[in-house]
Amino acid sequence: MIWGIFKRDMCHATRNVIAVIVSMGLVVVPALYAWFNIAASWDPYGNTKALKVAVANNDKGYKSDLIPVRVNVGETIISTLHANDQLDWQFVKSDKAIDGVKSGEYYAAIVIPKGFSADMMTLFSPDIKHAQLKYYLNEKINPIAPHITDQGATTVVNTIDKTFAKTIAQVGLDLASSILHYSQSPQMAEYMRNLNGNLTTMADTLSGASQQVTSYSQLLGSANDIVDSTGKLLASATKAGKQAQNALKQGKSGATSFTSAGANVTSSVNTALDQVSGAFDQVAAKVNKAFDAIGKGSDTAASQLTALSEQVSSGESLYDTYITSLNHMRESVEQLPDSDSAKQALLEAIDREITLLEAAKGDSQKLAQQLKDASTQVTQDTAAAERSRKEILNRITSAKQSISNVRDDYATNVKPKIDALASTVSTLISQTDSMITQLSGTADGLDDVTGDVGTNVTSIRSTLGAIAKKLDSSAATVKELITKLETGGNAGDGNSDGGDGDNDADSGESDELRALATANASTLSTLISAPVALHRVSVYPIANYGSAMAPFYTILSIWVGAIILCAMLKVTISDREKAHVLGLGDTLPRSAGPSGPGNASRWGLRLDHEYFGRYAIFALLALLQGTLVCLGDTYFLGVQANHALQFLAVGWLAALVFSNIVYTLTVSFGDIGKAVAVVLLVMQVAGSGGTFPIETLPKFFQMLYPFLPFPHAIDAMHAAMAGSYGNEYLLDMVYLALFLIPSLLLGLVLRKPVIRLNNWVSRNLESTKVM
């Protein structure tokens with residue numbers, strides 16, 4: 001029965017040319033629907049060059065002392081966009097740009113304000129201001145164009161960010177390079193030497209200041225001890241007063257003795273000096289005698305001269321004894337109070353006397369040496385010996401004159417002052433007696449003062465100690481800086497001897513800095529402006545946007561083809577066709593009743609025979625539709641299909657499932673079923689996930705997603721195109737085939753109770769003469 005119905009339907013469909021053309025049209029139209037949509041969306045984001053976007057630059061630029069380079073980010077943007085072909089950039093004035101967006105001439109406009117560069121450079125000031133571009137967008141022209149132009153605007157912003165970072169980095173690298181080159185120049189080396197010298201002087205000054213402060217502190221410590229001792233000394237002053245007065249009486253006696261001693265010293269000095277002067281006369285006589293003996297015997301003359309040299313040398317002890325006595329006298333005089341007017345004069349006289357004695361001693365030493373030298377010469381050269389004789393006699397005369405000077409100076413300067421000192425000592429003793437009496441009275445009043453002074457001194461010493469530590473710390477810091485500068489200079493020179501790890505590390509850092517500064521600044525600044533590069537790794541790659549959209553439009557066209565079939569072909573079988581299939585002639589017997597599904601069942605043509613018999617031509621045309629659209633996608637448009645047979649199998653299964661669902665709805669509910677098929681189409685376009693990820697759709701569509709055939713058919717076709725993960729392809733094919741179960745259940749079982757209702761609705765619609 002099913003074969004009979006299908007055979008008659010095929011005969012009717014090919015009976016004339018019109019029928020064949022219509023049948024071919026039913027196969028071709030869905031394919032055209034898919035192909036036009038796929039071809040139109042083949043590369044939409046690669047064809048944005050015709051989208052006009054206006055750009056207006058009002059940037060005035062910026063220049064500061066911090067970065068001595070004029071920065072105009074607006075000009076950089078314009079230069080960059082001239083080389084950018086993503087959009088049709090129109091470089092106009094700001095007024096025209098805004099008006100062009102309003103009129104629809106431009107899809108969008110980007111206006112760079114006057115202070116754009118200045119705002120960007122606030123990055124280096126405390127008051128940072130975010131630089132802003134003005135972006136005007138006409139959203140009514142096209143729903144997709146705003147998103148494309150937004151991408152263009154994002155490109156501009158990214159370009160600005162990278163350009164700004166690149167500019168700052170390049171300026172910094174150029175500055176670092178200049179500094180490095182300058183640091184290696186002779187001028188910089190001279191500056192560094194001067195700096196090291198100044199720093200060394202500073203460190204020494206700080207160390208000296210620290211030592212001086214420490215000395216002050218120690219001196220104050222000694223003063224504190226003196227203050228403590230003074231308290232005790234003053235306490236015993238009264239007790240010692242009487243003893244001091246007794247000692248002063250004895251001092252008066254001593255002063256008299258001192259005067260006598262001065263006279264004795266004067267007499268002894270004159271006697272000693274006269275003896276030395278007479279000795280020189282004897283030496284002169286012996287010298288003449290020795291030189292006169294040269295002709296008789298050189299050896300005898302030499303021995304005489306040697307003896308004279310030793311005699312003169314032995315006399316030097318007299319000078320030492322006299323000088324020692326004068327030094328002792330000087331020490332005694334230094335003990336006198338500074339207020340004594342005779343003290344300084346006497347000290348100067350004694351010093352002058354000591355100087356004269358040392359000069360006389362020097363003449364004696366030279367005389368002894370000349371005598372010794374002459375003892376050698378007499379045996380060698382008579383002429384030289386004669387010259388030595390004259391020199392020795394002259395030296396003796398000079399030595400005698402020195403002795404005479406000492407005696408005269410002593411008599412003129414020293415002795416009168418010693419006499420004056422004796423008189424002064426006597427006067428001093430008398431004054432001291434009165435002072436001791438007064439001191440005894442004031443000793444008690446100073447006891448409390450010494451205690452306060454001790455406390456203050458302790459506090460001052462603590463402060464001075466802290467100051468000394470800070471000075472030492474500062475000096476150490478300066479010395480450390482000098483060491484680092486010297487180390488850095490050695491590393492920079494590249495002459496490090498590798499003596500320690502620190503120098504090696506500094507040298508490595510210097511080499512790295514030098515390599516960084518001498519590298520290509522443009523390349524480095526580009527790297528700094530975009531340090532991260534995105535390496536895209538495609539998993540199951542799709543060749544292009546058209547291929548990515550092909551499953552959605554292909555599956556959609558197959559559903560549309562199923563609706564077209566039900567709209568153009570009859571889903572019910574007429575009684576005349578049933579009679580011919582049954583071999584009953586042109587009409588069914590009257591007992592068949594009203595025309596409708598199942599009315600010939602008593603003659604063997606059951607309802608399921610009618611269902612599958614008429615569906616057979618629908619299935620055949622649907623398979624042809626699926627075959628044509630899938631082959632056209634693959635071989636006409638060039639849609640990616642890594643597994644072409646699997647791709648074609650998805651089209652076949654989708655054609656059978658979709659045509660069966662639409663056919664069943666139409667058979668069961670008539671024209672209402674066709675409307676339901678259209679509603680299902682609309683729902684699946686929105687909720688299939690063919691254009692946007694299902695996760696981005698509203699919650700209702702996410703819940704509806706598993707119960708629609710479109711998503712499973714599209715996923716299976718994606719797996720066939722790019723590859724399948726595990727059993728992904730087979731599972732999607734099974735899920736798609738499962739939709740045949742409710743469709744066949746409705747077409748074979750559930751539609752029986754509503755056949756009469758559907759016939760009644762159809763008769764009422766036809767009675768309107770409109771529907």
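**A guided tour of the predicted model**

Of the 771 residues in the protein, 37% are buried (under 20% relative accessible area, with exposed meaning over 50% and partly exposed in between, for a 1.4 Å probe and protein chains only). This is a predicted model, in which local features need pLDDT of at least 70 and side-chain atom pairs count only at pLDDT 80 or more, while totals for chains, interfaces and linings use all residues. Residues are numbered from 1 along each chain as its sequence is written, and side-chain values use heavy atoms, leaving out hydrogens and water.

Begin with the whole chain in a cartoon view. The protein has 25 helices and four strands; these are DSSP runs numbered from the N terminus, helices being H or I of at least four residues and strands E of at least two.

Next, select helix H16 (residues 545–568) together with helix H19 (residues 644–669). They pack at an angle of about 35°, their axes 9 Å apart; axes are lines fitted to C-alpha atoms over the stretch in contact, and angles run from 0 to 180 degrees between N-to-C directions. The crossing of H16 and H19 is right-handed, that is, the near helix is turned clockwise from the far one by less than a right angle. Show side chains where the helices meet (heavy atoms within 4.5 Å): the H16 residues include Trp 559 and Cys 566, and the H19 residues include Phe 658 and Tyr 663.

Finally, select helix H2 (residues 17–40) and color Ile 18, which lies in this helix. Ile 18 is exposed, with a relative accessible area of 59%.
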